[in-house]
Amino acid sequence: MSGGGFDVPEADAFTRTYWDAAAGGRLLVRHCAACDRAHHYPREFCPHCWSEDVSWRPASGRATLYTWSVVHRNDLPPFGGRVPYAAAVVDLAEGPRMMTEVIGCEEAALRIGMELEVSFRAGIPVFRPVSPARG
């Protein structure tokens with residue numbers, strides 16, 4: 001990843017694994033071997049027990065919608081061309097909460113607790129309602 005846009009994070013040596021996986025359509029979380037809990041955003045230690053015995057694990061890509069806000073105005077590129085969009089916080093099936101965007105869903109259809117699945121836009125994880133075939 002490079003600093004080509006405001007919404008494209010800058011990968012460093014530690015987060016490169018996460019962003020490379022996302023670019024390949026896979027969502028990873030950090031998992032602590034000491035307390036057996038997952039966490040997100042990626043850190044080099046467990047925020048629950050402070051252990052450094054953490055590693056990357058594939059996430060299922062399933063989540064539920066915790067909260068959202070529909071953004072109708074954003075003057076920063078490239079967001080202005082996307083309005084309105086649903087900025088959201090989701091609960092990953094593995095436990096952690098994640099800030100993201102919900103796509104492919106009308107504003108009126110958004111509901112707390114709705115089932116979502118990960119999708120990727122230019123290597124960035126976003127979420128959409130679970131397709132009926134997967135539900």
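Here is a short walk through this predicted model, from a helix to its strands and then to its core. Local features are described where pLDDT is at least 70, side-chain atom pairs count only at pLDDT 80 or more, and totals for chains, interfaces and linings use all residues. Residues are numbered from 1 along each chain as its sequence is written, and side-chain values use heavy atoms, with hydrogens and water left out.

Let's start at helix H1, residues 16-23. Helices (H or I, at least four residues) and strands (E, at least two) are DSSP runs, numbered from the N terminus. Tyr18, Trp19, Ala21 and Ala22 of H1 are buried, meaning under 20% relative accessible area with a 1.4 Å probe, protein chains only. These residues lie on the same side of H1 because they cover an arc of only 160° around the axis, taken from the directions from the helix axis to the C-beta atoms. Their cover includes strands S1 (28-32), S3 (54-58) and S8 (124-129). Just after H1, Gly25 has a positive phi of about 80°.

Now for the strands, which pair if DSSP finds at least two bridges between them. S4 (residues 62-71) runs antiparallel to S7, joined by three bridges, and Arg62 stands opposite Glu117 in S7. S7 also pairs with S8, antiparallel, over six bridges. Two residues lie between the strands of this hairpin, where Ala122 takes a positive phi near 50°.

Finally, the largest nonpolar core has 24 residues, with Leu65, Val90, Leu92 and Phe127 making the most contacts inside it. Such a core is a set of buried Ala, Val, Leu, Ile, Met, Phe, Trp, Tyr and Cys residues joined through side-chain atoms within 4.5 Å. Elements giving two or more residues to this core include H1, S4 and S8.

Conventions
Buried < 20%, exposed > 50% of the residue type's maximum accessible area, 1.4 Å probe, protein only. Contact = heavy atoms within 4.5 Å.
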